[in-house]
Amino acid sequence: LHRAMITGSTTNVPIIVFAQGKDGRRIPTQVTTSPIRNSAGEVIGGVETFRDVSPMLIDLERAKKIQEQSLEQDLPADPRVQFSTFFMPHDIVGGDYYAVKQIDANRYGFLLADMEGHGVAAALYAMHLGILWNRHFHLLKNPADFTAAVSAELIEIFGSVVTFATAMCGTIDVADATLCFAGAGGPTPLIIHENWAVEQHKSTGPPLGVMEDIVYKEKLVKLKPGDSILLFSDGAIEIQNAENEWLVTSGFTQILKALDYPKKPLRMETLEEELLKFSNDIRLQDDITIIEARYLG
């Protein structure tokens with residue numbers, strides 16, 4: 001109801017909250033909100049609808065465990081580079097997929113992909129991306145080839161069923177101190193230096209699974225010791241506040257700076273709190289996934 005009154009918009013995706021029953025048990029409840037307007041179009045109230053979703057929650061919790069297991073991985077242990085990953089689904093399950101894996105003695109590959117939408121259907125498609133990650137990982141030495149192969153197979157398998165998946169993939173070479181990446185519609189990586197200078201190097205082709213015979217392009221960036229590389233799904237920047245202003249990348253970087261990042265570690269709970277303050281909402285409207293790589297030299 002708060003969101004309907006403040007933003008004047010109807011809930012696009014139902015929110016699940018927990019109510020307390022008379023017997024003290026927690027009841028999962030799906031909530032939708034909608035504003036009530038007067039003849040002048042002013043918001044004068046709101047309507048909330050509640051629905052008990054206890055049976056559905058059991059299956060969702062099982063799906064959550066499966067998804068968490070599919071995303072679990074042993075991050076590389078190398079004194080020259082430090083990886084961290086953060087995954088915060090909008091619902092109990094989410095439509096993002098991420099992976100980090102060692103290629104050889106000096107190179108590490110990564111993928112961050114975001115299926116259109118969120119929820120169960122997006123989560124199922126995202127899990128299939130995990131299969132494609134393993135199947136085509138050998139191509140990641142050339143990120144553009146990997147991106148093209150994954151996109152082509154999505155089209156072959158799902159055709160028009162899957163709308164699209166935005167993605168960013170690439171390699172970090174700790175011996176040559178380089179980042180090589182190819183984009184498929186997703187936000188471009190941020191490189192944050194120790195003096196807090198921020199670099200963005202765009203390399204964006206069309207999303208995965210949209211068009212056949214696409215030639216993706218790679219971008220090669222030189223790294224310096226102390227650089228932090230951030231990859232993130234668009235849920236971190238496509239956030240709108242009550243004044244219909246969008247956070248976008250510049251607003252996201254300002255929040256990071258206010259949190260004294262990268263001097264201080266990136267903490268997802270603190271970042272989520274700041275993003276919610278901007279949105280003036282009770283929860284964020286999309287999945288958020290972040291891959292962080294600190295190049296130590």
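Student: Between which helix and which strand does the loop with Asp287 lie?

Tutor: This is a predicted model, in which local features need pLDDT of at least 70, side-chain atom pairs count only at pLDDT 80 or more, and totals for chains, interfaces and linings use all residues. Residues are numbered from 1 along each chain as its sequence is written, and side-chain values use heavy atoms, with hydrogens and water left out. Helices (H or I, at least four residues) and strands (E, at least two) are DSSP runs numbered from the N terminus. The loop holding Asp287 lies between helix H6 (268-279) and strand S14 (288-295).

Student: Is Asp287 buried or exposed?

Tutor: Buried means under 20% relative accessible area, exposed over 50%, and partly exposed in between, with a 1.4 Å probe and protein chains only. The relative accessible area of Asp287 is 0%, so Asp287 is buried.

Student: Which residue has its backbone nitrogen 2.7 Å from a polar atom of the Asp287 side chain?

Tutor: Contact means heavy atoms within 4.5 Å. Leaving aside neighbours within four places in sequence, Asp287 is in contact with residues including His90, Gly95, His118 and Ser233. The backbone nitrogen that lies 2.7 Å from a polar atom of the Asp287 side chain belongs to Gly95.

Student: Why is the pair of Phe87 and Tyr98 tilted?

Tutor: Rings of Phe, Tyr and Trp (its six-membered ring) pair if their centres lie within 6.5 Å; planes under 30 degrees apart count as stacked, over 60 as edge-to-face and the rest as tilted. A search of the whole structure finds six aromatic pairs. For Phe87 and Tyr98 the centres are 6.2 Å apart, and the pair is tilted because the planes are at 50°.

Student: In which strands do Phe87 and Tyr98 lie?

Tutor: Phe87 is partly exposed at 23% relative accessible area, while Tyr98 counts as buried at 9%. The two residues are eleven residues apart, and their pair links distant parts of the chain. Phe87 is in strand S4 (residues 81-88) and Tyr98 in strand S5 (residues 96-102).

Student: Which residue has its charged end over the ring of Phe137?

Tutor: Phe137 forms one aromatic cluster with Trp133 and Phe146. A charge sits over a ring if NZ of Lys or CZ of Arg is within 6 Å of the ring centre and within 35 degrees of the ring normal. Over the Phe137 ring, 4.6 Å from its centre, sits the charged end of Lys101.

Student: How many strands does the protein chain have?

Tutor: Of the 297 residues of the protein chain, 48% count as buried. Its secondary structure comes to six helices and, for the strands, 14.

Note on methods:
A polar contact is a pair of N or O atoms within 3.5 Å; within protein, one must be able to donate a hydrogen and the other to accept it, and residues adjacent in sequence count only if both atoms are side-chain atoms.
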